[in-house]
Amino acid sequence: MPVIKETELKQRIAQGQFSNVYFFYGPDHFFIVKYAKAIIKKVVAKQFKSFNLQWFHGDKLVMDELQEAIESLPMMAKYKCVVVQNLNMDALSKADYAQLKDILKFLNETTILIFFADKIVYDVKRSSRFKTITNQ
């Protein structure tokens, strides 16, 4: 997954050019939340929010539920947005980690998957799982 700068991200959001997967992480939690919410706001129409936005918390994530959310199609919209907040990849079981990698390989083109960490910090230098996931 390519890393993009803030100015390019702003431009893509304004133009409606979205990637299928985003990872927002780092020390500046304000901007992490800001841009995750900006994508959600641009992608998910208010009247269809209950159909086209699914939010998961990393400490309670069930991979089968995530996979089901990602595989389902959007309702009367171009995209469906699935958000995973504060997922600790290093704490996942081997099976869950393998399933997450498969989910990312075969992502539905109408799904925008956003991972963001506003309460945990990814150790990007030490976490081989994080490196593997973000380099797919």
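This is a predicted model: local features need pLDDT of at least 70, side-chain atom pairs count only at pLDDT 80 or more; totals for chains, interfaces and linings use all residues.
Trainee: How many salt bridges does the model have, and which residues form a salt bridge?

Mentor: A salt bridge requires a side-chain nitrogen of Lys or Arg within 4 Å of a carboxyl oxygen of Asp or Glu. The count here is one salt bridge. Glutamate 8 pairs with arginine 12, and their closest N and O atoms are 2.6 Å apart.

Trainee: Where do glutamate 8 and arginine 12 sit in helix α1?

Mentor: They are four residues apart in α1 (residues 6-15), so about one helical turn separates them. Glutamate 8 is partly exposed at 31% relative accessibility, and arginine 12 is partly exposed at 23%.

Trainee: Is arginine 129 buried or exposed, and what is the nearest side chain of opposite charge?

Mentor: Buried means under 20% relative accessible area. Arginine 129, in helix α6 (residues 128-134), is buried and has no salt bridge. The nearest side chain of opposite charge is aspartate 90, 5.0 Å away. Beyond its neighbours within four places in sequence, arginine 129 contacts Met89, Asp90, Leu92, Ser93, Lys94 and Tyr97.

Trainee: Which residues gather in a patch of positive charge on the surface?

Mentor: Lys37, Lys41, Lys46 and Lys49 make up that patch. Lysine 46 is in the loop between α2 (29-43) and α3 (49-52); with a relative accessible area of 77%, lysine 46 is exposed.

Trainee: What makes the nonpolar surface patch?

Mentor: Phe51, Met75 and Met76 make a patch of about 330 Å². Methionine 75 belongs to the loop between α4 (63-71) and β3 (80-85), and is partly exposed, with a relative accessible area of 36%.

Note on methods: Residues are numbered from 1 along each chain as its sequence is written. Side-chain values use heavy atoms; hydrogens and water are left out. Patches are made of residues with over 30% relative accessible area and no salt bridge: like charges are joined within 9 Å, nonpolar side chains (Val, Leu, Ile, Met, Phe, Trp, Tyr) within 5 Å. Accessible areas come from the Shrake-Rupley method with a 1.4 Å probe; for residues, only the protein chains shown count as cover. Lys and Arg count as positive and Asp and Glu as negative; His and the chain ends are not counted. The place of a charge is taken as NZ of Lys, CZ of Arg, CG of Asp or CD of Glu. Helices (H or I, at least four residues) and strands (E, at least two) are DSSP runs, numbered from the N terminus. Buried means under 20% relative accessible area, exposed over 50%, partly exposed in between (1.4 Å probe, protein chains only). Contact means heavy atoms within 4.5 Å.
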